[in-house]
Amino acid sequence: MNEQIRLPDLSTDKDFDGESFAPIYTTTVTVSGGVASHGRASGRARSDDGLLDLNLRMPAELGGDGQGTNPEQLFAAGFAACFHGALSLVARQAALDPAAISVDATVAFGRDPEDGGYLLCVDLVVKWPGIDSDVASPLLNKADSLCPYARMAWQGTPTTITLAS
C-alpha cells in the first residue's frame with residue numbers, strides 16, 4: 001500500500017511582516033559524549049521525539065573509525081533536503097514538474113585561513129534533467145532566497161549559548 005505524502009502548506013509570498021522571529025516548528029536534538037566523552041568521536045544524537053537516534057563517529061579522515069554518521073553528513077542531508085524542498089515549491093509554482101530534481105550537498109570541514117579555527121564549506125549541485133538553464137536559473141535563485149539553510153549560509157544564524165543550571 002502506498003501512502004500519500006501531503007506536501008507542506010508553505011508559500012513563497014512575503015506574507016509575514018512581524019517584528020520578530022515567529023517559529024513555525026521547533027525541535028531539539030541532544031548529543032551525549034559516549035565512551036570517549038566526545039560527542040563527535042563517540043556520541044549519540046537523539047531527537048526529542050525519538051525519531052532520530054543514532055551513534056556519531058568521526059570520519060577516518062579526521063582520525064576516527066568512520067563507523068557511524070558524522071555531523072557533516074547530517075548537515076549535508078539537511079541542507080540538500082531543505083534546498084530540494086524550496087526548489088520543488090518554486091518549480092510547482094512555475095507549473096514545472098519537480099519529480100526529476102535531485103540535490104547533492106557536499107560539505108567540507110577544514111581550517112579557516114583567517115584565524116586557524118574550523119570552517120565548513122558547502123557546494124550544492126542541482127540535477128534537473130530536461131530543464132533548460134535559462135528556465136532553471138531564476139528558480140534556483142528564488143529557492144536560494146527561500147531555503148533557510150541557504151539563508152543561514154549567506155546571512156548567518158542567530159545563536160544563543162546558555163549553560164543549563
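Which residues of α2 meet which residues of α4? The answer is given below, under the heading on helix packing.

## Basis of the model

This is a predicted model, in which local features need pLDDT of at least 70 and side-chain atom pairs count only at pLDDT 80 or more, whereas totals for chains, interfaces and linings use all residues. Residues are numbered from 1 along each chain as its sequence is written, and side-chain values use heavy atoms, with hydrogens and water left out.

## Overall architecture

The protein chain contains four helices and five strands. Helices (H or I, at least four residues) and strands (E, at least two) are DSSP runs, numbered from the N terminus. Read from the N terminus, the order of the elements is β-α-β-β-α-β-β-α-α. Along the principal axes, the C-alpha atoms of the protein chain fill a box of roughly 50 × 50 × 35 Å.

## Strands and sheet

An open sheet of three strands is arranged in the order β1-β2-β3 with antiparallel pairing; two strands pair if DSSP finds at least two bridges between them. β1 and β3 (53–55) stand at the edges with a single partner strand each, so one side of each has no neighbour in the sheet. From one strand to the next, the twist averages 15°. β1 and β2 run antiparallel and are joined by four bridges, and V29 has S47 in β2 as its bridge partner.

Strands β4 (residues 102–111) and β5 (residues 118–127) also run antiparallel, joined by 10 bridges. In β5, L120 is the bridge partner of F109, and D123 is the bridge partner of T106. The two strands β4 and β5 form a hairpin with six residues between them, and G116 in the turn has a positive phi of about 80°.

## Helix packing

Two packed helices are described by the angle between their axes and the distance between the axes. Here, axes are lines fitted to C-alpha atoms, for helices over the stretch in contact, and angles run from 0 to 180 degrees between N-to-C directions. The axes of α2 (residues 71–93) and α4 (residues 148–155) come within 7 Å and cross at roughly 115°. That makes α2 roughly perpendicular to α4 (angles under 35 degrees count as roughly parallel, over 145 as roughly antiparallel, 65 to 115 as roughly perpendicular and the rest as oblique). On the α2 side, F75, G78, F79 and C82 meet P148, Y149, A150, M152 and A153 of α4, where contact means heavy atoms within 4.5 Å. The residues of the contact of α2 with α4 comprise eight nonpolar, one polar and no charged. In this classification, Ala, Val, Leu, Ile, Met, Phe, Trp, Tyr, Cys and Pro count as nonpolar, Asp, Glu, Lys and Arg as charged, and the others, Gly among them, as polar.

The axes of α3 and α4 come within 5 Å and cross at roughly 75°, and α3 and α4 are therefore roughly perpendicular to each other. D144, S145 and L146 of α3 make this contact with P148, A150, R151 and W154 of α4. By class, the contact of α3 with α4 has four nonpolar, one polar and two charged residues.

## The largest pocket

The largest pocket has a volume of about 2600 Å³. A pocket is defined on a 1 Å grid over the protein atoms alone, with a 1.4 Å probe, as an open set of points with protein on both sides within 12 Å along at least five of seven lines; lining residues have an atom within 4 Å of a point. Grid points are joined across faces, edges and corners, and a volume is the space filled by probe spheres set on the points.

The largest pocket is lined by 47 residues, of which F21, Y25, C82, P148 and Y149 lie nearest its centre. The elements that give two or more residues to this lining are β1 (29–32), β2 (44–47), α2, α3 (133–146) and α4. The largest share, 10 residues, comes from α2. By class, the lining has 27 nonpolar, 14 polar and six charged residues.
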